[in-house]
Amino acid sequence: MSLTKETSGTEIPAPEAEPLLRVDGLRTEFRVPGGQVTAVNDVSFEVRPGQVLGIVGESGSGKSVTARSVMRMLRAPGEVTAGSVTYGGTDLLALPEREMRTWRGSKAAMVFQDPQAALNPTMRVGEQIVEAMTAHGRGRTQARQRARELLEAVGIPDVDTKIDHYPHQFSGGMRQRVVIAIALANDPALLIADEPTTALDVTIQAQILGLLDRLRRELGIAVAIITHDMGVVAELCTDVVVMYAGRTVEKGSVAEVFARPRHPYTAALLRAMPRID
């Protein structure tokens with residue numbers, strides 16, 4: 001089955017003058033006993049419709065904190081202390097929490113690294129997808145049918161049976177497909193994937209990356225993928241932001257950055273990539 005939005009075709013829209021998401025000068029701090037730790041400092045980037053942006057850096061570089069700051073999903077004592085995050089002209093940092101909850105899922109959604117932790121072990125997977133839609137006002141009958149379509153579209157076999165299975169009855173790769181189906185339930189224009197393949201074996205990693213690329217092509221959605229792996233960036237992304245010590249040290253198209261890295265850290269990441277020669 002080919003997954004398409006209910007209100008549009010499958011063509012990727014032409015790039016617009018205005019970005020879908022704009023992050024400008026973002027700073028996030030964690031207040032701890034004895035002071036504060038700056039995890040993200042003056043980070044700026046844009047995501048446009050149909051684009052796949054890779055946010056890459058080693059563990060601790062601030063890339064996941066950046067994503068959680070954008071989605072306003074920081075855990076205490078984390079706090080955004082400077083900068084702006086705008087989506088289609090709306091200042092997300094100024095939205096009341098109730099409106100922000102509506103924005104999450106309907107405008108942008110997030111796929112986390114560990115699908116086991118992202119799913120409720122006591123609920124059937126179909127119900128979890130239905131719940132994501134009814135929370136945004138969709139009727140249960142329509143939501144159940146849409147859940148079937150989503151599970152089939154992300155590659156879950158035997159949907160009639162599997163829709164009523166629990167997460168523990170799925171493999172790690174199948175659980176991640178379910179998480180992606182939940183993220184797509186309300187037709188977001190932006191999907192943020194935080195290390196979506198790290199917990200999976202190499203073969204399943206390739207399948208999930210292929211799935212994300214297919215969804216991007218069929219739906220025209222924008223994807224921001226957070227990774228430590230430049231190979232993932234090379235395979236999937238059109239543009240890249242390189243983060244080091246909480247800052248953006250380089251950004252540009254994948255072709256440009258891979259061919260002519262300007263920052264020593266970017267060059268070091270590229271040298272660390274396995275080469276066939």
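Q: What covers the buried residues of helix H2 (97–106)?
A: In this predicted model, where local features need pLDDT of at least 70, side-chain atom pairs count only at 80 or more and totals for chains, interfaces and linings use all residues, the cover of the buried residues of H2 includes H1, strand S4 (78–87), S6 and H7, with contact meaning heavy atoms within 4.5 Å. Residues are numbered from 1 along each chain as its sequence is written, and side-chain values use heavy atoms, with hydrogens and water left out.

Q: Which residues in H2 are called buried?
A: Met100, Trp103, Arg104 and Gly105 of H2 are buried, a word that stands for under 20% relative accessible area, with exposed over 50% and partly exposed in between (1.4 Å probe, protein chains only). Helices (H or I, at least four residues) and strands (E, at least two) are DSSP runs, numbered from the N terminus.

Q: Why is the aromatic pair of Tyr87 and Trp103 called edge-to-face?
A: The ring centres of Tyr87 and Trp103 are 5.3 Å apart, with 85° between the planes. Rings of Phe, Tyr and Trp (its six-membered ring) pair if their centres lie within 6.5 Å, and planes under 30 degrees apart count as stacked, over 60 as edge-to-face and the rest as tilted, so the pair of Tyr87 and Trp103 is edge-to-face. This pair links Tyr87 in strand S4 with Trp103 in helix H2, 16 residues apart, and Tyr87 and Trp103 are both buried.

Q: How do you know whether Tyr265 is buried or exposed?
A: Tyr265 has a relative accessible area of 12% and is therefore buried, whereas Tyr244, at 37% relative accessibility, counts as partly exposed.

Q: How do the residues lining the largest cavity divide by class?
A: The lining of the largest cavity has eight nonpolar residues, one polar and no charged, where Ala, Val, Leu, Ile, Met, Phe, Trp, Tyr, Cys and Pro count as nonpolar, Asp, Glu, Lys and Arg as charged, and the others, Gly among them, as polar. Among the lining residues are Leu21, Phe45, Thr66 and Ile226, and H1 gives the largest share of the lining, three residues. A cavity is a set of points on a 1 Å grid over the protein atoms alone where a 1.4 Å probe fits but cannot get out, and lining residues have an atom within 4 Å of a point.

Definitions and conventions: 1 Å grid on protein atoms, 1.4 Å probe; cavity = no way out; pocket = protein on both sides within 12 Å on 5 of 7 lines; lining within 4 Å.
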